Amino acid sequence: MLLNKEDEVKHLIEEIDKNELTSKSLESDKGVRKQLFEKVETYSEDFLDKLLELNTYETTGYEPSIKDSGFLIAEKGNPIEPTLNFLKERVDSTGLNPASGGHLGYIPGGSIFESALGDYMAAISNRYAGVFYASPGAVRMENTLLRWAAQLVGYPKDFGGNITSGGSLANLIAFSTARKAKNIRGADIHRTVIYVSQQSHHCIWKAIQTCGMEEAVIRNIEMDDHYRMDPKALKAQIQKDREEGLIPFILISTAGSTDVGAIDPLKSLSEICQRENLWFHVDGAYGGFFLLTDYGKERMQGIELADSVVLDPHKGLFLPYGIGMVLVKDMEHLKAANSYQANYMQDTKAHQEEVSPADLSPELSKHFRGLRMWLPLKLHGTEKFKACLNEKLGLASYFNTEVQKIGFNTLAEHDLSVVVFRYVPNGKDAEAFNSDLAKYIQEDGRIFISTTRLDGKFMLRAAILSFRTHRKEVDLLLSLLREFIERWKMESV
Ligand SMILES: *Cc1c(COP(=O)(O)O)cnc(C)c1O
C-alpha cells in the first residue's frame, strides 16, 4: 500500500511507534535474562539432583480427565515461577523419564549436559547452519562432525552427509537418494524390489511410503538363528526375482537391530549387492557408534562398503533427542537427490569451499544441530564415549549371564547391548507370566524395560545404552526379576 497524504504517513508512524513499545518488550533486558536464567538453572539442577530418586516410569499423566488449562497460551504472558512448576508437575513427572539411568526400554537416548549448553548457545546466536555463505563456521563445524563419522565408518573423502533430526529422517534421505541414484521411474515401481528383514526398523516402511514406493515388491529375507539376515536367502531371492522380470533395487540391512541388537553380516551382503548392482544401505541408528569400540569395529566389518549409512548420535553418543546422521558414499548421489537452486538463493553461490547442508537434505532453514554434538565431544574428548560404550557392552554380557542364573532364557547370542529374555514357568502360560512380570517392573517404576515378540513369543527386553546406566541399575533390575520369580515360586508351592 502506497501512502500519498502527509497525514496518512504521520498516522502510520504513530501506529508503528505504538506497536514498538510492546514489541520491544520481546527483548528481555539483562536483569530479566539473569533472573530467568537463574530460575531455569535452579530447575535443571533440581531435576538432575533428584534423578536418582525420581522414577524412570510414572504412570500418572495419562488420565483423560486432566484438561489442564496450564497448557494453553493466551494474550497475556505468565511469570516464570508458576510456569516452571507446571512444567515440573505436568511434563517432567509423568510417563517415561529418558534422562534416568533406569531407562532400559526401546533404545535409550542420553542427555549429556554439555549438549544442552550447545543447544542453548545455538539458539542464542541462531546461526544459519543450512548454507555455507551464511555461516561458514557453523557449516564447517557440522561438516567436520560428518567427516569424523565418515572416518569411523571408513568412507572415502568424497562421501556426502547430513546431520538430521534423527534416524528416521536419515533413513528417509538415504532411501530417496537411492531411488534417485538407481533411477527408479514411477512406471517401474510395481516391479521394483526392496529387500528388508523382519528386524528392519519400522521407519523404513515410513520412508518407502513417503517416497511413494509402497507399491514396490517388498521381500522379507530370512534370518539365521541370531536374527541376522541370511546372505544365501538373499542371493536366492534376487535370482528368483530376476527370473520373474523384477528389478532388484535396494537392500536395507541393519547394524544393531532395535529389537535384539542383531548385526547383519555386512561383508557378505555387500558382495551380493555389488555383484547384483543393488544399493546397499546399512541402518546403524542404534549400533553405528559402537564403531568407536574395538569390538564394534570388528563386528561391523563391511560397513565401509555400504552405499549409505545411518547413525544416531542421540542413541550411541548419549545426546538428547533430535540428532541423526546420514552418510552417502558418493556425495554426488546425495546432492542429486536434494539440491535445487532457487533464484532468491543466488548469493549463496559466492562461496563453495564447503558443501552446504541445504544442498544435501530436504531442509533449508534448520536448527544449528552441530553445536549440541560438537560441544560435548570437544569438551569431553572421544575417549570417554568409547569407555561408556564398552561399559554398556560389558553390562549387557553381565546381565545376560546373571539373568540366566535366575532361570531366564535369553537368545544364544546378543551382538550389542540389547538382551532379550523370558521366563518359562512350569505349568503356567509363559506369555501371561512374562507380561505380568513386565507390568510388575513398570509399576515399581525404578527401572523401565520394554517388551517385544520374537517368532510369536512374548519377550522382555533390556536395552542398555543410557550413559547413566551403570552396574547399580542392572543389579536393581536383576533383583526385581529375582524377587518376582521367588515370590511366584513361594506362591505356587
Ligand atoms: C531408533 C532407530 C531408528 C529410528 O531413529 P529415530 O532417531 O528414532 O528416528 C531407525 N533404525 C534403527 C535401527 C533404530 O534403532
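This is a predicted model: local features need pLDDT of at least 70, side-chain atom pairs count only at pLDDT 80 or more; totals for chains, interfaces and linings use all residues.

Visitor: How do the lining residues of the largest pocket divide by class?

Guide: There are 22 nonpolar, eight polar and six charged residues. Val, Phe and Ala count as nonpolar, and so does Tyr.

Visitor: What is the volume of the second largest pocket, and which residues are the closest to its centre?

Guide: Its volume is about 360 Å³. Of the 17 residues that line this pocket, Gly70, Leu72, Ile73, Asn78 and Thr83 are the closest to the centre. By class, the lining has eleven nonpolar, five polar and one charged.

Visitor: What makes a space a cavity and not a pocket?

Guide: The way out decides: in a cavity a 1.4 Å probe fits but cannot get out, whereas a pocket is open. The search of the whole structure finds two cavities of 30 Å³ or more.

Visitor: Which residues line the largest cavity?

Guide: The lining is made by His201, Thr254, Gly256, Thr258, Asp283, Ala285, Tyr286 and Lys315. About 50 Å³ of space lies inside. The lining residues divide into two nonpolar, four polar and two charged. Asp and Lys count as charged, so Asp283 and Lys315 are the charged residues here.

Visitor: And what lines the second largest cavity?

Guide: That cavity, with about 30 Å³ of space, is lined by Glu142, Asn143, Leu146, Gly161, Asn162, Ile163, Pro357 and Leu360. The elements giving two or more residues are α5 (136–153) and β4 (160–164). Here the classes are four nonpolar, three polar and one charged.

Visitor: Let's turn to the charged pairs. Why is the contact of Lys24 with Glu20 called a salt bridge?

Guide: The closest N and O atoms of Lys24 and Glu20 are 3.2 Å apart. A salt bridge needs a Lys or Arg side-chain nitrogen within 4 Å of an Asp or Glu carboxyl oxygen, so this pair qualifies.

Visitor: Are Lys24 and Glu20 buried, partly exposed or exposed?

Guide: Lys24 has a relative accessible area of 54%, and exposed means over 50%, so Lys24 is exposed. Glu20 has 36%, which lies between 20% and 50%, so Glu20 counts as partly exposed.

Visitor: What does the salt bridge of Lys39 with Glu81 tie together?

Guide: The closest N and O atoms of Lys39 and Glu81 are 3.4 Å apart. Lys39 lies in helix α2 and Glu81 in helix α3, so the pair ties together parts that are 42 residues apart in sequence. Lys39, at 28% relative accessibility, counts as partly exposed, and Glu81, at 43%, is partly exposed too.

Visitor: How do you know that Glu89 and Arg90 form a salt bridge?

Guide: Their N to O distance is 3.7 Å. The cut-off is 4 Å, so the pair meets the definition. Arg90 is partly exposed, at 28% relative accessibility.

Visitor: How many salt bridges does the search find, and which residues are linked in a network?

Guide: The whole structure has 25 salt bridges. Arg228, Arg299, Glu413 and Asp415 are linked in a network of them.

Visitor: Finally, which residues make the nonpolar surface patch?

Guide: Phe37, Leu48, Phe113, Leu117, Tyr120, Met121 and Ile124 make a nonpolar patch of about 620 Å². Both α2 and α4 give two or more residues to the patch, and α4 gives the most, with five.

Note on methods: Residues are numbered from 1 along each chain as its sequence is written. Side-chain values use heavy atoms; hydrogens and water are left out. On a 1 Å grid over the protein atoms alone, a cavity is a set of points where a 1.4 Å probe fits but cannot get out, and a pocket is an open set with protein on both sides within 12 Å along at least five of seven lines; lining residues have an atom within 4 Å of a point. Grid points are joined across faces, edges and corners, and a volume is the space filled by probe spheres set on the points. Buried means under 20% relative accessible area, exposed over 50%, partly exposed in between (1.4 Å probe, protein chains only). Helices (H or I, at least four residues) and strands (E, at least two) are DSSP runs, numbered from the N terminus. Patches are made of residues with over 30% relative accessible area and no salt bridge: like charges are joined within 9 Å, nonpolar side chains (Val, Leu, Ile, Met, Phe, Trp, Tyr) within 5 Å. Accessible areas come from the Shrake-Rupley method with a 1.4 Å probe; for residues, only the protein chains shown count as cover.
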